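Q: Please take a close look at one part of this structure. Describe it for a reader who has not seen it before.

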Amino acid sequence: MFVPCDRGGGSAASDFKGFTLLMPAVSVGNVGQLAIDLVISTLDMSKVGYFYTDCLVPMVGNNPYATAEENSTELSINAEVYSLPSKKLVVLQIRSPFIKNKYRPFCEALLSWVKGSRYARVVVLSSSHAYQRDDEQLLGTPLRYLLTPDLEKAVGGLMQELNWKEMEKVAAYPGISDTDKVLHIPGGGITKLLFTESCSKGIQMAVLLKFCSEGDNIPDAFVLVNYLNEWLQLVKSESNNSTDSSSQWKIPSSWRLLFGNGLPPALF
Amino acid sequence: MATFFGEVVVAPSRAGLDEEEEEREETPEDRQIRRELEKKREVDVLWSGLAPEPWACSRFVVAIGRNAAAFLSSFILDSVCWEVVGVVRLWNEWCRTSSATNVLPTDSFCLFYRLISDPTVLLCQCSCYVAEDQQFQWLEKVFGSMQKEGLQVTILSTCPLADYKTQESTLTLASPFLKALKTKEFQEQVCCPLLEQPNIVRDLPAA
């Protein structure tokens with residue numbers, strides 16, 4: 001499924017052993033994908049390949065991270081892989097939804113690629129419907145994390161120090177008190193499937209998610225990417241003041257006109 | 001979600017998955033139905049009079065959509081220089097094509113033509129809609145039959161002006177206008193400006 005770009009780096013360019021794979025789930029508000037756009041754009045990551053897959057709706061456009069005329073003409077498609085070897089970071093960006101009944105084969109192929117490439121760990125950025133929160137979840141932080149048992153051993157302590165909140169399990173049958181508690185991530189797309197599969201396959205995976213609703217999800221993306229940064233320290237935190245936190249991330253040029261074109265002057 | 005007209009509709013989730021679809025395990029009957037549907041939605045590419053696959057192809061022009069197909073009919077195709085060498089048969093919710101090669105412009109069809117004087121030049125007129133789950137199949141079955149060394153592919157398609165994203169309003173734009181996307185390997189001069197961000201191309205042309 002993964003097709004490397006031939007950039008003259010040869011096999012070295014696609015050696016991901018020990019790297020961290022960061023990826024989004026296509027989820028409510030597209031928050032994970034927006035956050036990933038911020039990471040790729042800010043860190044000026046280079047494309048190292050793409051996924052040739054029949055599982056995602058096709059799309060193509062010119063370089064979404066273009067900063068000038070010269071670098072604006074590279075084609076970009078629905079699932080691409082970027083890398084920053086200095087931080088041992090690889091980022092997958094997914095730009096279109098799944099074709100019906102294809103999300104399971106995609107997850108299988110993805111996790112098989114993860115194992116084959118010998119990534120040290122996978123971090124999934126996702127979101128969940130804000131309206132599905134219970135009374136307790138309505139209070140406090142809208143951010144949650146999940147760790148597979150293998151990763152829990154490695155970084156569980158760090159999460160405690162950061163004072164992060166683990167995603168709560170919910171009753172399998174709401175209203176009946178004695179039932180088992182299960183993981184439920186409404187609006188999270190393939191997040192739950194990826195997480196449960198990783199638990200059973202022994203893959204070190206973390207999920208970072210935010211409760212949100214559809215709308216202008218740019219602020220949600222900033223909150224999520226700053227949450228990620230508390231752990232992975234991808235960019236230097238300018239200050240502890242949250243109002244300054246958006247300045248360290250670079251918005252990609254493709255975010256222009258997210259809410260439509262200019263208005264016709266004749267309207268007024 | 002309540003719409004302007006007061007009816008309640010279920011908004012499609014951006015997550016791309018329905019909750020029920022995600023939670024429910026597939027029963028044997030579900031699997032059977034799914035397989036039957038997949039079979040019904042299979043794309044068949046029928047070639048005639050061609051050399052054994054993979055055959056040599058130097059230029060392949062694909063016109064997708066009624067406007068692009070009409071352009072080829074009006075300006076390029078004629079019965080003297082071009083012959084029909086293939087047809088795509090498919091079905092989806094929007095259209096059905098058959099293996100007939102004498103079609104009317106108002107029909108849904110997908111035909112392949114070869115230039116008689118240079119049989120490595122191929123044209124495709126695809127006026128039918130190829131659904132999301134069929135696009136990859138179309139691609140593999142069509143391109144799978146041809147040699148890709150030295151092949152130049154040109155895709156012609158149209159998009160509604162209302163979908164074009166630009167700083168000013170689309171009402172003031174002089175239309176129609178041309179935009180292009182090209183791969184790095186395409187070294188020739190492009191006859192029109194390149195498609196600017198944040199515009200994208202979808203469906204079969206994107207595939």
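Predicted model: local features only at pLDDT ≥ 70, side-chain atom pairs only at ≥ 80, totals over all residues.

A: Local features need pLDDT of at least 70, side-chain atom pairs count only at pLDDT 80 or more, totals for chains, interfaces and linings use all residues, and side-chain values use heavy atoms, without hydrogens or water. Residues are numbered from 1 along each chain as its sequence is written, with chains lettered from A and ligands numbered from 1 in written order.

Chain B has 5 helices and 7 strands; these are DSSP runs numbered from the N terminus, helices being H or I of at least four residues and strands E of at least two. In chain B, 6 strands form an open sheet of mixed pairing, ordered β1-β3-β4-β5-β2-β6; two strands pair if DSSP finds at least two bridges between them. Because β1 (44–47) and β6 (152–157) of chain B each have a single partner strand, they stand at the edges, with one side lacking a neighbour in the sheet. On average, neighbouring strands are turned by 20 degrees against each other, direction ignored.

Within the sheet, β2 (residues 59–64) and β5 (residues 118–126) of chain B are parallel partners over 6 bridges. Phe60(B) has Leu122(B) in β5(B) as its bridge partner. Helix α3 (residues 66–75) of chain B packs on the sheet and touches β2, β5 and β6 of chain B, where contact means heavy atoms within 4.5 Å. The direction of this helix makes about 135 degrees with that of β5(B); axes are lines fitted to C-alpha atoms, for helices over the stretch in contact, and angles run from 0 to 180 degrees between N-to-C directions.
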